Amino acid sequence: FNVVAALHTSRLPVRYGLSANKLPYRVLPTLMSSGGIIKTELTLPQILKNNGYATGISGKWHLGFSSNQEKHEYLPLQKGYESWFGIPFSNMHFCKEEPKGDEGALFCVLMANNTIVQQPYNKVHMTDLLTRHAIDFITRSVKKKKPFFFLMSFLHVHTPLFSSPKFRNASKSGPFGDNMEEMDNAV
């Protein structure tokens, strides 16, 4: 979380009110939470996009969602990315691997750019979906002979740990090792 904020702005999330010291919520937990990187803050993807780069991101964002005034104000497309596929928050404990009904619906959304495409999202093949988005973005950029910046922000190895069926119990190191193997395979 701190690394993502610092990569984009060179500032820590506390500068934007995106972190707290009280559990269970150290970050913005819901679609109704207001706050994020301020509009006037210049981000790395904005700088690169302004210099002719294609910009994309897969995975977790959690640097803000909407403000009281503007829907999606803090999402990646408003911060310099041309393409995003992922979740607006961290890998939440509310989000089950294979949700039943509306379990976790308020917290667990998968988005393509500014559109919710799955609510609640299913984690079972999430790494494959995020990786496919990255590969497609990079392939398009190479075909266009355009320089690109792509951030792969895996949901692994953040708790709660989950793995696709192919990687469950694949490691001698338990669920953490399974996560590492799946992430390594995606790279």
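Student: Taking helix α4 (residues 174-186), what should its 13 residues span at 1.5 Å a residue, and how far apart are its end C-alpha atoms?

Tutor: This is a predicted model, in which local features need pLDDT of at least 70 and side-chain atom pairs count only at pLDDT 80 or more, whereas totals for chains, interfaces and linings use all residues. Residues are numbered from 1 along each chain as its sequence is written, and side-chain values use heavy atoms, with hydrogens and water left out.

The 13 residues of helix α4 should span 18 Å, and its end C-alpha atoms are 19 Å apart, which agrees; the expected span is 1.5 Å times one less than the number of residues. Helices here are DSSP runs of H or I with at least four residues, and strands are runs of E with at least two, both numbered from the N terminus. Within α4, the residues Gly177, Asp178, Asn179, Glu182 and Met183 are buried, that is, under 20% relative accessible area with a 1.4 Å probe and protein chains only. The cover over these buried residues of α4 includes α3 (126-143), where contact means heavy atoms within 4.5 Å.

From α3 the view passes to the sheet, since α3 lies across β1, β2 (83-87), β3 (110-112) and β5, and runs at about 175 degrees to β5; axes are lines fitted to C-alpha atoms, for helices over the stretch in contact, and angles run from 0 to 180 degrees between N-to-C directions. The sheet is open, with five strands in the order β4-β3-β2-β1-β5 and mixed pairing, two strands being paired if DSSP finds at least two bridges between them. Its edge strands, each pairing on one side only, are β4 (115-118) and β5 (148-153), and the twist averages 15 degrees from one strand to the next. Strand β1 (residues 54-60) runs parallel to β5 and is joined to it by six bridges; Gly56 has Phe150 in β5 as its bridge partner.

Of its 187 residues, 48% count as buried, and residues 24 or more positions apart account for 63% of the contacts with a separation of 6 or more.

Notes: Buried < 20%, exposed > 50% of the residue type's maximum accessible area, 1.4 Å probe, protein only.
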